Amino acid sequence: MQRNEDIRGRRGGLVNSSLTTPVAPMGMDIAFHYACPFCQKVIRVSSPLKPVVISCPQCHKQFPIVPVDDALIKFMQVITAEGRAAACQEFV
Ligand SMILES: [Zn+2]
């Protein structure tokens, strides 16, 4: 156990591991960016797998978006082990 040991964080600062042990990612999703056709606000949508209508948070108008391919999302999740493989090895 590494309780109460000091470790160095990303910026080199000392971190008390008993209080702030870094937690590794255990899952992931991929956000896609869509520009609102009315006001050009860029809206992040988490892996839209179906053709849905979204509402712009800025101008409040609605518009349909093109979905993303489920196979590509699954591929990205597999090659990154659901995001776990993306964890900076310096911290795990
Ligand atoms: Zn808008």
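Modeller: Before we start, two residues count as in contact if their C-beta atoms, placed from the backbone, lie within 7 Å. This is a predicted model, where local features need pLDDT of at least 70 and side-chain atom pairs count only at pLDDT 80 or more, while totals for chains, interfaces and linings use all residues. Residues are numbered from 1 along each chain as its sequence is written.

Biologist: OK, what pattern does the protein follow along the sequence?

Modeller: Helices (H or I, at least four residues) and strands (E, at least two) are DSSP runs, numbered from the N terminus. There are two helices and six strands here. Reading along the sequence, the pattern is β-β-α-β-β-β-β-α.

Biologist: What percentage of the 92 residues of the protein count as buried?

Modeller: A residue is buried if 20 or more other C-beta atoms lie within 10 Å of its own, exposed if 12 or fewer, and partly exposed in between, again with C-beta atoms placed from the backbone. Helix H2 (residues 70–79) has a count of zero among its 10 residues. For the protein's 92 residues, the share that counts as buried is 0%.

Biologist: And among contacts between residues at least 6 apart in sequence, what share joins residues at least 24 apart?

Modeller: Isoleucine 65 and valine 45 are 20 residues apart in sequence, and they do touch. For pairs at least 24 apart, taken among contacts between residues at least 6 apart, the share is 26%.

Biologist: Histidine 60 is not a glycine, so what is its positive phi?

Modeller: Histidine 60 is in the loop between E5 and strand E6 (62–64). Because 10 other C-beta atoms lie within 10 Å, histidine 60 is exposed. Its phi is positive, at about 65 degrees.

Biologist: Which residue follows H2 with a positive phi near 50 degrees?

Modeller: Glutamate 82, in the segment after H2, has a positive phi too, but of about 60 degrees. Glutamate 82 counts as partly exposed because it has 14 C-beta neighbours inside 10 Å. The residue with a phi near 50 degrees is alanine 81.

Biologist: Does proline 51 count as buried or exposed, and what separates its C-alpha atom from that of proline 64?

Modeller: Proline 51 is in the loop between E4 and strand E5 (53–55), and it counts as exposed because it has 9 C-beta neighbours inside 10 Å. Leaving aside neighbours within four places in sequence, its contacts are Pro64, Val66 and Pro67. Proline 64 is 13 residues away along the chain, and the C-alpha separation is 6.8 Å.

Biologist: Which residues does isoleucine 65 touch, not counting those up to four places away in sequence?

Modeller: Isoleucine 65 is in the loop between E6 and H2. It counts as partly exposed because it has 15 C-beta neighbours inside 10 Å. Its C-alpha is 9.7 Å from that of valine 45. The residues it touches are Tyr34, Val45, Pro48, Val52 and Ile54.

Biologist: Last one: leaving aside neighbours within four places in sequence, which residues is phenylalanine 63 in contact with?

Modeller: Phenylalanine 63 is found in strand E6 and is partly exposed because it has 14 other C-beta atoms within 10 Å. Valine 53 is 10 residues away in sequence, with 5.2 Å from C-alpha to C-alpha. The contacts of phenylalanine 63 are Cys36, Pro37, Val53 and Ile54.
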